[in-house]
Amino acid sequence: MGSSMSSTIVATRPLPENRISPVFRLAMLLPGGLVTFFLILFALGLVVLLAFRGNDGSLLGVGLTAQNFITVATDPLYWTVTLRSLVIAGLVTLATVVTAYPVAYYLAFHAGRRRNLLLFLVTLPFWTSYLLRVFAWKIVLAYNGVLNSAFIESGLWKEPTLAFLNTPAAVVVTLAHAYAPFAILPIYVALDTIPKSLLEAASDLGARPFTSFRRVVLPNSMPGVLAAALVVFVPTVGDYVTPAMVGGPASTMIGTLIQSQFGKANDWPFGAALSVCVMLVILCVVLLARGADRRFGSRT
Amino acid sequence: MSARANTNTGGGWLGLYVLAYLVFLYLPVLLIPLFSFNNSIQAAFPLQGFTLDWYRTLYGNPALSGALANSLVIGVIAAFGATLCGITVSYMDLYGRSPLAATIGAIARLPILIPGVIVGISLLILVNLIGIGPSRVSIVLGHILVALPTTVVVMRSRFAAIPKTIREAALDLGASDWTTFRRVMLPLSAPAVLSAFMLSFLISFDEFIVVFFLAGTEPTLPLYIWSQLRFPRSLPTVMALGTVILTLSFIIAGTAEILRHRGLGAARRNPA
């Protein structure tokens, strides 16, 4: 909208685009072009190519085959692990978004002068080491770790319990903590851009606070909620560090399997096929989120 | 009126919730510095007494200082590359008005939608194909990619915040594209450039998921930490090292955050 307004103002002058010199354009597009086309598109293309090759120990495999995908589709192990990854990532996403929403709401409507400080505080952990945040949970949940020793010290129970570490629940809690800062910002931005006049109109028309939240605030913030869900879901569904650190063998995720195909198992084409499957799952989730976004967008 | 009443009733409980949320966010992380001063191998209560021994073990450890040097060099080069790409990609995305520039801008934000493990293996295949293999150069390439969405977002929002009239005035007064970019737009976004550089340095410095696949014989600091986690005896040392890293991260991220919002007022005031 802003660009159309300013283009009417500059309509009498030659448009800037006509004046961009080819040399300047090339120089400015070169770094980004190299990185995006070579490191992103070409590298992803290699993964797709490798997924359709057989493993003969060479870099790009041999032949042209769909065997990798047939194995993924027919071996129940991969169904179990994929389903587990989806459930864990889904739970983490739900937990992060639901717990982040009130914080974003407070930041947008109630924080007042403290807003900038609070925004800074909730985003700061985002910039600290992911490995260290996961490691912190390992020492919290360990058999002779913080939680057990604190409970024994306070006399709540006598024996340390093994129930914390090496469970899928530990993976969910750790991931939800590690990705918590991701969820707040998109929701906050969506809430903050709701025109205040809309809320005033709702209350002027006699809507109770809860009704105005449910019918005005929530639908208007859905794009932010969906964006938050996406930025939490994507990294968690492919994570392999947290399952390895706090999850134990019962929490193997699809990222763990991909990592081992490029490590110990040394079957790169099969690992590439698993990666393609993960990307397809993410594509479906993105399309679902897009669809939901459009639905909410058309209603408001 | 009723909207204001809503503010007062809802704010109190919500405020408490936000406080609890911040405690949840920070408490596990703050346990690392707490136990790094604890005189025990175990990270458990009760605390055994104050010691600086674990920090002393950080000195004179060649594996550690080698990893630190690697991380610093890789972080600076990757941050330089990611910032350069972030500046050019977002500038052309906003002002280039070509489908190619818009496409590059869109692809540059794509890594957000790719799990780190897939970024890692795709680059592992690529660097093996072009012959450099897992090495420090490969890590730099990987980290430019991981930091790119951040630098693009930071620079794009900054360029977009500069009033269009400033750039148009420069072009109208006969400045070339290059002069306009270098003498007008870049100085006006200098704090954001520095912020993007610092944030991408931090991303590289702390990154583990991608570097795991791309490291050759010379590990970075997170890889060194990962290798130490197998030995229960070295956990206190890891916590001392972690405390140093967390402190540095907080300082760098805090400075970057301040810089990101700095000088925006000046850019907005000038055209009037």
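Entry 1: I began with the secondary structure of chain A and counted 15 helices and zero strands. I then looked up how spread out chain A is: its radius of gyration is 25 Å, well over the 19 Å that the globule rule gives for 300 residues, so chain A is more spread out than a compact globule. I also noted that this is a predicted model.

**Entry 2: the box.** I took the C-alpha atoms of chain A along the principal axes, and they fill a box of roughly 65 × 65 × 35 Å.

**Entry 3: confidence.** For chain A I found a mean pLDDT of 85, with 92% of its residues at 70 or more. I marked residues 1–11 of chain A for care, as pLDDT stays under 50 there. For that stretch the model has two contacts beyond four places in sequence.

**Entry 4: inside chain A.** How much of chain A is buried? I got 44% of its 300 residues. Next I turned to the contacts in chain A with a separation of 6 or more, and found that 69% of them join residues 24 or more positions apart.

**Entry 5: meeting chain B.** I looked up where the two chains touch, and found 81 residues of chain A in contact with 80 residues of chain B. Which element of chain A gives the largest share of that side? I found helix α3 (residues 22–51) of chain A, with 18 residues. Sorting the side of chain A that touches chain B by class, I got 55 nonpolar, 19 polar and seven charged residues.

Key. Residues are numbered from 1 along each chain as its sequence is written. Chains are lettered from A and ligands numbered from 1 in the order in which they are written. This is a predicted model: local features need pLDDT of at least 70, side-chain atom pairs count only at pLDDT 80 or more; totals for chains, interfaces and linings use all residues. Two residues are in contact if their C-beta atoms, placed from the backbone, lie within 7 Å. Helices (H or I, at least four residues) and strands (E, at least two) are DSSP runs, numbered from the N terminus. Ala, Val, Leu, Ile, Met, Phe, Trp, Tyr, Cys and Pro count as nonpolar, Asp, Glu, Lys and Arg as charged, and the others, Gly among them, as polar. The radius of gyration is taken over C-alpha atoms; the globule rule is 2.2 Å times the number of residues to the power 0.38. A residue is buried if 20 or more other C-beta atoms lie within 10 Å of its own, exposed if 12 or fewer, and partly exposed in between; C-beta atoms are placed from the backbone. pLDDT is the predictor's confidence in each residue, from 0 to 100.
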